[in-house]
Amino acid sequence: MARTADVVVVGGGANGTSTAFHLATLGMKNVVLLERRQIAAGATGKSGSLVRMHYTNDVESRLALESLKVFQDFADVVGGDCGWSPVGFVQLVKHQYREALHRNVARQQTLGIDTRVIDDRELRDLLPGVVIDDVGGAAYERSSGFADPNATAFGFAAAARRLGVSVETGVRVTRVLVEHGRVAGVETDRERIMAPTVVLVPGAWANPLLQPLGLALPLAPFRIQISIFRWPPGWTHRHPVVIDAVHHSWMRPEGPNATLIGVELGRSGADPDTYDEGVDPQFVQDARTTLAARLPAFADATMRGGWAGMIMMSDDGRPIIDQFPSIPGLYGMVGDSGTSFKTSPAIGRCLAEWIVHGTPKLVDLTPFRSTRFAEGKPWVDDDHYGRERLTISR
Ligand SMILES: Cc1cc2nc3c(=O)[nH]c(=O)nc-3n(C[C@H](O)[C@H](O)[C@H](O)COP(=O)(O)OP(=O)(O)OC[C@H]3O[C@@H](n4cnc5c(N)ncnc54)[C@H](O)[C@@H]3O)c2cc1C
């Protein structure tokens, strides 16, 4: 007889483990999480793991804010240590987006986010030696920062296990089973597991599972790179996390004496099964140049490492989170678009609420619906900073 479960979660990244954890906390029994390799084998394990509330729309800010509460209180809410580092966060924009930044900050303040616009003096205090000629506005979040993405997923998985979830690694789901027009379970490389509810959270590996179901979503896997630079002599300042929308880059401290930087130039399409996990020499040059353009002290900084990871971009650069209407019982968080580590605690909570209570209660997920592309209504933010479809890897 085939094995059965109440819910099968496919994917052991931050979003899959968070979903499994939250299902268990809401009382769901017989939950199985299947991961083809190890926990955090996908984008999560490679994430820059910035946790900031500053988005150019309310719904992602709300997901980030609800998630921040979990990062801040991880030991009590989940258990274990997620490596939370509240170093603060700075958002920089070009002159032409100054008003948009002010409007976004005002909206975020009404959501209860600890954010404010800062002047040049404060910016210089936060980032000694910063070049600001091309900066038209800066926002500061005192309570934001970054976490350890591996520790976060490990923490969710361990907590889910403690609550009775069967977390199984080294098991690949080969297809989703549909019977009589609704989801019936999954087939793995070992066995069939019959289940009335399946949650797909497979990151960059989503298409082989979605396409046979007729779910032709506009999703493309991308390889994203980061590089790490040792602080130059005399630099001892553990700076805040920065998103530099002028140079399309982001940075955060890495360890006690280095800075990790990502630059959007570093993205390219790739096969998630064969991609190169190392960093390209040209990317290292570009990253150093970009870093030094904002902080000239880093012009000769020593490269100390780097890596590449795979994300799944949707056509409008926003995740798809849905109960797929054409297949009752099938839920998914796909098309993470390189921005879904920081929101994973709330996304998992919302998916679990949807499954257990029939609707997500924490945050309304309607804007993330899978049908928005077919409706001809891809996501667009009014107060974006110029590359509204390129919110990647941060
Ligand atoms: C370099 C880099 C920097 C980033 N920086 C940030 C940042 O600063 N802030 C931020 O919020 N986000 C950032 N991101 C994005 C963030 O890491 C991802 O959005 C997030 O981790 C996605 O989590 P996930 O659980 O949805 O997917 P993943 O972490 O990709 O997990 C999917 C899992 O599913 C498994 N899987 C796939 N197919 C199957 C199958 N058929 N059967 C079983 N298992 C399967 C995979 O092995 C994988 O472990 C970054 C990403 C990268 C690569």
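Glu-141 is buried at 1% relative accessibility, where buried means under 20% relative accessible area, exposed over 50% and partly exposed in between (1.4 Å probe, protein chains only). Keep in mind that this is a predicted model: local features need pLDDT of at least 70, side-chain atom pairs count only at pLDDT 80 or more, and totals for chains, interfaces and linings use all residues. Residues are numbered from 1 along each chain as its sequence is written, and side-chain values use heavy atoms, with hydrogens and water left out.

- You'll find Glu-141 in strand β7 (residues 137-141); helices (H or I, at least four residues) and strands (E, at least two) are DSSP runs, numbered from the N terminus.
- From Glu-141 to Pro-240 it's 99 residues in sequence, but 9.4 Å in space, C-alpha to C-alpha.
- His-237 sits in the loop between β14 and β15 (241-244), and counts as partly exposed because its relative accessibility is 27%.
- His-237 is 22 residues from Thr-259 in sequence and 11 Å from Thr-259 in space, C-alpha to C-alpha.

**The arginine contacts**

- Arg-318 belongs to the loop between β19 and β20 (320-323), and is buried with a relative accessible area of 2%.
- The side chains of Arg-318 and Asp-381 make a polar contact of 3.1 Å. That term covers a pair of N or O atoms within 3.5 Å; within protein, one must be able to donate a hydrogen and the other to accept it, and residues adjacent in sequence count only if both atoms are side-chain atoms.
- Arg-318 also takes part through its backbone: the side chain of Arg-372 reaches the backbone oxygen of Arg-318 at 2.9 Å.
- Arg-372 itself lies in the segment after α10 (344-357), and is buried, with a relative accessible area of 1%.

**Positive phi**

- Asn-30 has a phi near 55°, a positive value in a residue other than glycine.
- The loop between α1 and β3 holds Asn-30, which is partly exposed at 37% relative accessibility.
- Asn-30 and Asp-364 are 334 residues apart in sequence and 27 Å apart in space, C-alpha to C-alpha.
- Ser-49 isn't a glycine, yet its phi is positive too, at about 60°.
- Ser-49 is in the loop between α2 and β4 (50-51), and at 3% relative accessibility Ser-49 counts as buried.

**The largest pocket**

- The largest pocket comes out at about 810 Å³. Here a pocket is found on a 1 Å grid over the protein atoms alone: it is an open set of points where a 1.4 Å probe fits, with protein on both sides within 12 Å along at least five of seven lines, and lining residues have an atom within 4 Å of a point. Grid points are joined across faces, edges and corners, and the volume is the space filled by probe spheres set on the points.
- Of the 50 lining residues, Ala-43, Pro-202, Gly-203, Ala-204 and Trp-205 are the closest to the centre of the pocket.
- Elements that each supply at least two lining residues include α1 (14-25), β3 (31-35), β10 (173-179) and β14 (219-230). β19 gives the most, with 4 residues.
- The lining splits into 24 nonpolar, 18 polar and 8 charged residues. Ala, Val, Leu, Ile, Met, Phe, Trp, Tyr, Cys and Pro count as nonpolar, Asp, Glu, Lys and Arg as charged, and the others, Gly among them, as polar.
- Both domain 1 (3-47 + 150-218 + 316-372) and domain 2 (86-143 + 220-314) give residues to the lining, so the largest pocket lies between them. The domain bounds come from an automatic or database domain assignment.

**Cysteines**

- A search of the whole structure turns up 0 disulfides, a disulfide being a pair of cysteine sulfur atoms within 2.5 Å.
- Cys-82 is in no disulfide, and the nearest cysteine sulfur, that of Cys-350, is 19 Å away.
- Cys-82 is buried at 2% relative accessibility, and Cys-350 is buried with a relative accessible area of 0%.
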